[in-house]
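This report covers a ligand site and a few individual residues. Please look over the sequence and the structure before reading on.

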Amino acid sequence: MGLRMPFGGEEMTATDDHADFIRGLPKAELHLHLEGSLEPEQMFEFARRNRVSIPFRTVEEVRAAYSFSNLQDFLDIYYEGANVLRTEGDFHDLACAYLARAAADGVRHVEVFFDPQTHTDRGIPFSVVADGFLAALDEGAKRFGVSGGLIMCFLRHLDEDAAFATLDAAEPYLDRLLGVGLDSSELGHPPSKFARVFAAARERGLHLVAHAGEEGPPDYVREALDILHVERIDHGNRALEDGALVARLRETGMTLTVCPLSNLKLRVVDELIAHPLKRMLDLGLRATVNSDDPAYFGGYVAENYRAVARALGLSRDELAQLARNSFAGAFLDEATKARHLAAIDAYLEGTAAAS
Ligand code: ADE
Ligand code: ZN
């Protein structure tokens, strides 16, 4: 509960005040799976228009099914949900809806994931998926002023040959893709399994990221750095178990794309007050806040900032640091980063003057 205090002639709570501050704070989102932004209402709409049957009768039934014990529990339902996506228009509409929500949350730049194999394995051509998502990103820049790039993830529960086939399918699109990532079931599928395909992606000039340390041990984070040569670690929570690894992440300024509500829903943490985000900041790590799969985990990026600010008692300075980290860790040129960082400074000056 926030303190009650007067504000503009009306009473407002301190937590509401934080909510406004967070919403207006310019930020980037670096860890968002487009398929994970499929809201139950959209699932019904896409199912209806594509005549796909789904095992739910109501939106409430869908939401009730979103109770997970671990990552695999979630992935089972997430891949099933993606089955309603069939046409280029579906992929376009899905991403446009996400970009509208992101813009409303103060997001100025996104680097979003998609899972081509989830679609190509059920007969949807790579081009249908990529054309839909790329058109949405173009539209998002024009309509909402949100810049963005696409990161193609390899599903780590599949083998490396399948990842190579995906890289081949992406060949005509490589100049429009920002990079490659690695996602899906982490335990038992270490980064080293994808050493050759990441090397091939690197040769093609793509940026490299990988999920590591969400459920997997610190060694998976090390492998992502040493064997895959990633430029960001997605999640990275379990890196904190290893002091030498923490020192290395701090010294190299490695960005961690942390996802608080995802960690709560997938039981990576038992409760948000136990979330390591503040500890990461205190350790000097470049942590960022992201929403991962917001339709499944109960909140888009601003809600992740709010929830973790409330649970960990984050100050405005710490929230601003998280937003700065999001631009510092983005695959943007230095001049563009500087422009975004200046927008944060201007915002802080404006909000300090107003309060
Ligand atoms: N795919 C979508 N969300 C994911 C997550 N949090 N971890 C691994 N793979 C994912
Ligand atoms: Zn993720």
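Is arginine 51 buried or exposed?

## Arginine 51

The model is a predicted one. In it, arginine 51 has a relative accessibility of 79% and counts as exposed, because the threshold for that class is over 50%. The residue belongs to the loop that runs between helix H2 (40–50) and helix H3 (59–65). Its backbone is also worth a look: arginine 51 is not a glycine, yet its phi is positive, at about 55°.

## Histidine 229

A positive phi is also found at histidine 229, again not a glycine, with a value of about 60°. Histidine 229 sits in the loop between helix H10 (218–226) and strand S8 (232–235). With 36% relative accessibility, histidine 229 is classed as partly exposed, since that class lies between the limits of 20% for buried and 50% for exposed.

## The shell around ligand 1

Which side chains place a polar atom 2.7 Å from a nitrogen atom of ligand 1? Glutamate 214 does so, with a polar side-chain atom at 2.7 Å from a ligand nitrogen. Aspartate 292 likewise has a polar side-chain atom 2.7 Å from a nitrogen atom of ligand 1. For histidine 235, the distance between an N or O atom of its side chain and a nitrogen atom of the ligand is 3.5 Å.

How much of the area that ligand 1 exposes when taken alone does the protein bury? Taken alone, ligand 1 exposes 260 Å², and the protein buries 100% of that area.

## Asparagine 325

Asparagine 325 is part of helix H16 (residues 316–328). Its relative accessible area is 6%, so asparagine 325 counts as buried, the limit for that class being under 20%.

How far apart are the C-alpha atoms of asparagine 325 and leucine 272? Their separation is 21 Å, and the two residues lie 53 residues apart along the chain.

Technical notes. Residues are numbered from 1 along each chain as its sequence is written. Chains are lettered from A and ligands numbered from 1 in the order in which they are written. This is a predicted model: local features need pLDDT of at least 70, side-chain atom pairs count only at pLDDT 80 or more; totals for chains, interfaces and linings use all residues. Side-chain values use heavy atoms; hydrogens and water are left out. A polar contact is a pair of N or O atoms within 3.5 Å; within protein, one must be able to donate a hydrogen and the other to accept it, and residues adjacent in sequence count only if both atoms are side-chain atoms. Accessible areas come from the Shrake-Rupley method with a 1.4 Å probe; for residues, only the protein chains shown count as cover. Helices (H or I, at least four residues) and strands (E, at least two) are DSSP runs, numbered from the N terminus. Buried means under 20% relative accessible area, exposed over 50%, partly exposed in between (1.4 Å probe, protein chains only).
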